[in-house]
Amino acid sequence: MNLPITNQIGDIFRGHQTFLVAGHVRPDGDVLACQIVLGLTLQALGKTVEVWNPDGMSRKYSFLPHADLVRRPPSQARAFDVVIAVDTATQDRLGSIRDRIASQKVLVNVDHHTSNGRFGDINWIEPTAAASGELVHQLLCDNRWPITPAIAANLFIAIATDTGSFQYSNTTPQTLRIAAELIEAGANVAELSRQCFGSYPLARVRLLQLALAGMKFSADNRIGWLWLTREMYRQSGALAEDSEGLIDHVRAIDTVLVAAVFEQDDTGIVRVSLRSKSDRISVDKIAGQFGGGGHAAAAGARIPGEPAGVEAAVLKAIEQAVQTAPQG
Ligand SMILES: [Mn+2]
């Protein structure tokens with residue numbers, strides 16, 4: 001008999017004792033909240049559990065209930081019965097966690113990225129889910145594990161952040177049904193939204209101010225992009241995590257179909273984030289040309305090279321996609 005995957009994962013949870021919940025570098029709200037919820041659920045089952053993110057808990061999401069569960073990996077490797085990777089498309093994205101796992105019996109991979117490399121022993125990859133938080137919610141429901149107010153708050157933020165507050169095309173009727181259940185289970189929408197979307201550090205706005213000054217457009221203003229330079233970070237006092245969501249200011253311009261944000265890191269790599277507002281332009285295909293991936297409406301890549309050269313190559317690929325997109 002083939003058990004549903006949520007029950008297979010439930011059996012793995014029930015049948016083992018030591019667990020690691022792992023999430024991707026440069027964490028977003030979805031991965032951090034899912035990591036916390038899986039950690040709380042395993043604790044409630046009486047398991048020994050570690051929750052590691054290579055970058056630790058970000059300042060932005062430290063309001064999440066039980067945020068202190070999320071730790072940076074220790075310097076010494078440790079052995080676990082089960083490692084659960086959540087919201088993490090490739091093992092690369094686990095960063096420093098990879099060499100801090102001495103051994104594991106089972107690797108469980110739970111994610112909603114189309115590009116997920118299916119690197120687990122058990123892979124639950126569901127690209128129709130708006131957020132990994134939807135999958136974690138289903139895992140809890142199918143196994144009749146309780147959704148406490150703290151868990152509801154975390155899952156609400158997981159879904160609210162990955163859907164841009166329920167605005168992006170990944171928002172489905174099911175997304176809103178789950179959100180409704182989370183509100184019934186104790187998620188306080190107004191308070192959580194204020195903490196998540198209405199409490200930006202001033203330094204982040206200063207960074208935005210500098211970046212918008214250099215914003216550029218092409219293809220009749222259908223493509224908009226900006227750079228976040230190290231000099232801008234220095235001047236504004238912003239942290240790397242403050243860049244999350246800045247792309248929405250380009251995306252939100254009426255003529256823009258594809259928005260891009262470029263950022264040079266310290267290792268000669270340019271990080272590119274892409275957003276599409278057209279269901280005829282899939283930015284994961286553009287990112288894929290440069291070794292990246294993601295979703296149709298939101299994707300990214302890390303590209304080695306000089307800033308000007310990378311910008312020109314990416315812009316050419318975007319222009320190609322915009323020009324050849326079917327009209328409708
Ligand atoms: Mn996600």
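**View 1. The whole chain.** The protein has a radius of gyration of 20 Å, taken over C-alpha atoms, which agrees with the value near 20 Å for a compact globule of 328 residues (the rule is 2.2 Å times the number of residues to the power 0.38). This is a predicted model, in which local features need pLDDT of at least 70 and side-chain atom pairs count only at pLDDT 80 or more, while totals for chains, interfaces and linings use all residues. Residues are numbered from 1 along each chain as its sequence is written. You will find 11 helices and 12 strands here (DSSP runs: H or I of at least four residues for helices, E of at least two for strands).

**View 2. Where the domains meet.** Domain 1 covers 5–197 and domain 2 covers 202–324, with bounds from an automatic or database domain assignment. Their centres, taken over C-alpha atoms, are 26 Å apart. Across the boundary, 12 residues of domain 1 are in contact with 10 of domain 2 (C-beta atoms, placed from the backbone, within 7 Å).

**View 3. The largest nonpolar core.** A nonpolar core is a set of buried Ala, Val, Leu, Ile, Met, Phe, Trp, Tyr and Cys residues joined through C-beta atoms within 7 Å; buried means that 20 or more other C-beta atoms lie within 10 Å of a residue's own, all placed from the backbone. The largest has 56 residues, of which Ile84, Leu155 and Phe156 touch the most other members. Look around Leu155: beyond its neighbours within four places in sequence, its contacts are Ala33, Val37, Gly133, Val136, His137 and Leu182.

**View 4. A second core.** This separate core has 37 residues, including Ile247, Val250, Phe262 and Val310.

Note on methods:
Two residues are in contact if their C-beta atoms, placed from the backbone, lie within 7 Å. A residue is buried if 20 or more other C-beta atoms lie within 10 Å of its own, exposed if 12 or fewer, and partly exposed in between; C-beta atoms are placed from the backbone.
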